[in-house]
Amino acid sequence: MRSGLLLLLLFRAADGGRLCSYQDVLNYLNLTKSNELFFMTRPVKDYQQPTVVSVELLLYAILDVIEIAQTFVPYVWIDMRWQNQYIRWDPDDFCGIETVSLPTDVLWKPDLTIEEMTEKDKAPPSPHLSIHSDGLVRVQNDHMLVSTCRIQIHKFPFDHQTCNLSFKSVIHSVKEIQLHSPCSSKTSDMTMRSQYEWLFVSMTVTNKTVDMFDLKQDMLIYTITMKRQSLLYIVNFLLPILFLLSLDIASFFISEREGEKLGFKVTVLLAVTVMQLLLNEILPSSSDQIPLIVVYCIGIFGLMMLSLLETILVMYLMEKDDGPPEDVKAAAPVCDVSPDETPADPSKGNSGRVMEEPCDDEQLSQKLSTFLNTLTRSLDVTKAEEKPANWKRVTKTINTFFFVFYLIAVIVFLAWIFFTWTAKE
């Protein structure tokens with residue numbers, strides 16, 4: 001390389017010029033198309049010496065976390081650096097030039113991939129890389145990654161999610177490429193531009209060696225922790241169901257006589273069912289644990305159904321009191337015997353004599369039989385009138401006891417759900 005510089009200096013001296021262009025540096029490094037294959041191999045002078053690749057990931061935005069598809073979509077900036085042992089020059093020989101940019105297909109680059117990525121980035125990669133006078137090669141690219149992530153929805157919508165981005169080589173073993181990162185969570189926190197539904201919490205980096213297809217490879221794992229902004233779910237989902245539960249409690253003050261209470265409770269129960277259908281479209285079908293929001297909906301649905309069954313029972317008991325007693329007219333077993341003569345009607349000019357037939361023994365017996373039947377029915381009516389008062393007291397007792405039990409059950413259930421949701425894992 002020194003001989004190349006001497007030849008270049010002699011040529012420039014003969015030409016009367018100075019070495020102050022980027023092309024002079026490339027000519028000195030012999031980065032020409034004739035040597036393209038030479039520079040496409042791993043840039044070490046001893047093949048037993050590994051190439052150390054520094055990978056720094058900056059998280060610019062958390063675009064989406066799709067629960068139903070178990071997918072994490074971040075927007076990141078990836079900075080890769082490594083040493084090329086065939087690239088080195090003295091900046092003083094080239095008017096202080098320390099960095100030169102050139103097309104990415106000229107030099108060897110590490111074949112790193114992200115293990116969790118499910119879709120290739122549609123944005124074209126950067127067409128250039130930069131080389132430094134000390135042999136450092138640097139490549140920077142921005143990516144919108146679509147990667148898999150195990151979404152834990154047990155505490156949805158008060159959940160924290162942890163997703164990994166694992167970098168490793170495709171074909172090189174740990175003896176050829178070693179990975180490390182200078183990244184810290186503070187740098188990503190400072191570079192966050194947009195977080196949408198999710199808030200960035202922290203990012204940690206771990207390094208480990210994995211054995212894949214009988215090939216030991218170095219892997220760099222970025223673990224991103226984030227939490228969901230739950231205010232929108234509280235306002236649009238949790239509070240409406242709580243309001244429906246409050247309406248169900250208030251329905252205890254509606255009278256059962258007219259049948260409006262039963263229809264009101266059925267309507268409220270159907271409204272909770274609609275909310276459950278909306279929830280089913282958000283949550284994934286597979287999960288290690290039942291989400292607490294599902295327990296919340298089913299618990300409130302069960303309490304409302306129990307309240308509906310109690311209303312049906314009370315209405316059934318009160319319906320037994322709705323049959324009114326029959327009106328029975330008592331007939332006196334007396335034969336009225338009128339006088340032989342009635343007062344004369346002067347306008348008609350007659351004497352007004354009216355004769356009644358005498359009451360015999362057979363008629364008197366029939367009258368007495370009718371009287372006894374009427375008396376028996378009257379006693380039955382009296383007993384029937386005592387019955388409604390008893391059932392009314394029973395239904396009132398059932399209502400009071402169930403209302404107290406219902407309030408206690410609701411308070412205990414909501415308190416348990418609240419402390420379970422807010423407890424730290």
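## Packing of helix 5 and helix 6

The crossing of helix 5 and helix 6 is left-handed, a term used when the near helix is turned anticlockwise from the far one by less than a right angle, with clockwise giving right-handed. This is a predicted model, in which local features need pLDDT of at least 70 and side-chain atom pairs count only at pLDDT 80 or more, while totals for chains, interfaces and linings use all residues. Residues are numbered from 1 along each chain as its sequence is written, and side-chain values use heavy atoms, with hydrogens and water left out.

Contact (heavy atoms within 4.5 Å) involves residues of helix 5 including L262, V266, L269 and V272, and residues of helix 6 including I298, F301, M305 and L308. The contact residues comprise 16 nonpolar, four polar and two charged (nonpolar: Ala, Val, Leu, Ile, Met, Phe, Trp, Tyr, Cys and Pro; charged: Asp, Glu, Lys and Arg; polar: the others, Gly among them).

## Aromatic pairs

The structure holds 14 aromatic pairs (ring centres within 6.5 Å; planes under 30 degrees apart are stacked, over 60 edge-to-face and the rest tilted, with the six-membered ring used for Trp). F158 and W421 form an edge-to-face pair, since their ring centres are 5.3 Å apart and their planes stand at 70°. F158 belongs to the loop between strand 8 (146–148) and strand 9 (160–169), and W421 to helix 7 (residues 361–422), so the pair ties together parts that are 263 residues apart in sequence. F158 is partly exposed at 28% relative accessibility, whereas W421 is buried at 7% (buried: under 20% relative accessible area; exposed: over 50%; partly exposed: in between; 1.4 Å probe, protein chains only).

The pair of F252 and Y406 is tilted, at 5.4 Å centre to centre and 50° between the planes. F252 lies in the loop between helix 4 (231–250) and helix 5, and Y406 lies in helix 7, 154 residues apart. F252 is buried at 12% relative accessibility, and Y406 is buried at 0%.

## Surroundings of I177

I177 lies in strand 10 (residues 177–180) and is buried, at 2% relative accessibility. Its C-alpha atom is separated by 6.9 Å from that of V53, 124 residues apart along the chain. Leaving aside neighbours within four places in sequence, I177 is in contact with T51, V53, W108, P110, D111, S169, H172 and D218.

How values were computed. Helices (H or I, at least four residues) and strands (E, at least two) are DSSP runs, numbered from the N terminus.
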